[in-house]
Amino acid sequence: MKDVCLVINTFSKYSDVWQMFFDSLDKYFPDIKRYVFVDEGEPDENSTTIQYNKDDLFRSQFLGCIEKVPEKYCIFISEDYILYDDVRTDLIERYRNVLEENSNLTFIKLVKGMEFGEPKYKNYDDLYEMSSVFPYFYSQSASLWRTRDLEKIFKHTA
């Protein structure tokens with residue numbers, strides 16, 4: 001996929017799930033560049049590992065890693081997102097195109113959520129716009145992000 005990568009945040013204490021998690025990526029989502037943010041170790045040979053200092057605050061850990069990701073778009077997930085079927089890369093490419101065509105959008109959540117009226121985007125009957133004033137607007141659910149916008153969220157929070 002053009003200019004889309006996976007950003008995986010993990011911690012060495014969760015290494016017991018790494019084998020299952022990365023095996024599921026190899027099987028169901030093999031053709032995507034992957035970055036793993038971790039405090040220590042090399043969780044996966046098919047991913048680029050970016051280490052952070054475990055004594056830093058999460059915000060600092062994340063910022064130190066995300067700045068090293070050059071791709072324009074990223075799917076931000078954690079190691080507990082175990083895949084059980086093939087990823088619909090055609091949908092991810094479609095959603096990347098939506099972000100490309102709509103500079104006012106920051107991310108598209110890749111999870112089913114509440115439906116807010118009618119679908120917002122022509123030819124995309126599965127996309128709804130969520131106001132940034134809604135509670136829980138930001139969450140660490142699987143989402144396709146403009147990488148630099150995800151970085152800005154962490155830069156502008158304390």
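**Figure 1. Pairing of strands S1 and S4.** Strands S1 and S4 of this predicted model run parallel and are paired over six bridges; two strands count as paired if DSSP finds at least two bridges between them. The bridge partner of Val4 in S4 is Tyr73. Helices (H or I, at least four residues) and strands (E, at least two) are DSSP runs, numbered from the N terminus. Residues are numbered from 1 along each chain as its sequence is written, and side-chain values use heavy atoms, with hydrogens and water left out. Because the model is predicted, local features need pLDDT of at least 70 and side-chain atom pairs count only at pLDDT 80 or more, whereas totals for chains, interfaces and linings use all residues.

**Figure 2. Strand S1, its pairing with S2 and the crossover.** S1 and S2 also run parallel, joined by five bridges. Cys5 stands opposite Lys33 in S2. Between these strands the chain passes through H1, and this β-α-β crossover is right-handed, that is, with the strands pointing away from the viewer, the path from the first strand over the helix to the second runs clockwise.

Figure 3. Six of the six residues of S1 are buried, so the strand is largely enclosed by the rest of the structure. Buried means under 20% relative accessible area, exposed over 50%, and partly exposed in between (1.4 Å probe, protein chains only).

Figure 4. In H1 (residues 18-28), the buried residues are Trp18, Phe21, Phe22, Ser24, Leu25 and Tyr28. Seen down the helix axis, these residues fall within an arc of 155°, so they line one face of H1; the arc is that of the directions from the helix axis to the C-beta atoms. An α-helix has 3.6 residues a turn, so residues three or four places apart point the same way. Gln19 and Lys27, on the other side of H1, are exposed. The buried residues of H1 pack against strands S1 (4-9), S2 (33-38) and S4 (73-78), where contact means heavy atoms within 4.5 Å.

**Figure 5. Asp3, in the segment before S1.** Asp3 is found in the segment that precedes S1. Its phi is near 60°, a positive value in a residue other than glycine. Asp3 is partly exposed, with a relative accessible area of 33%.
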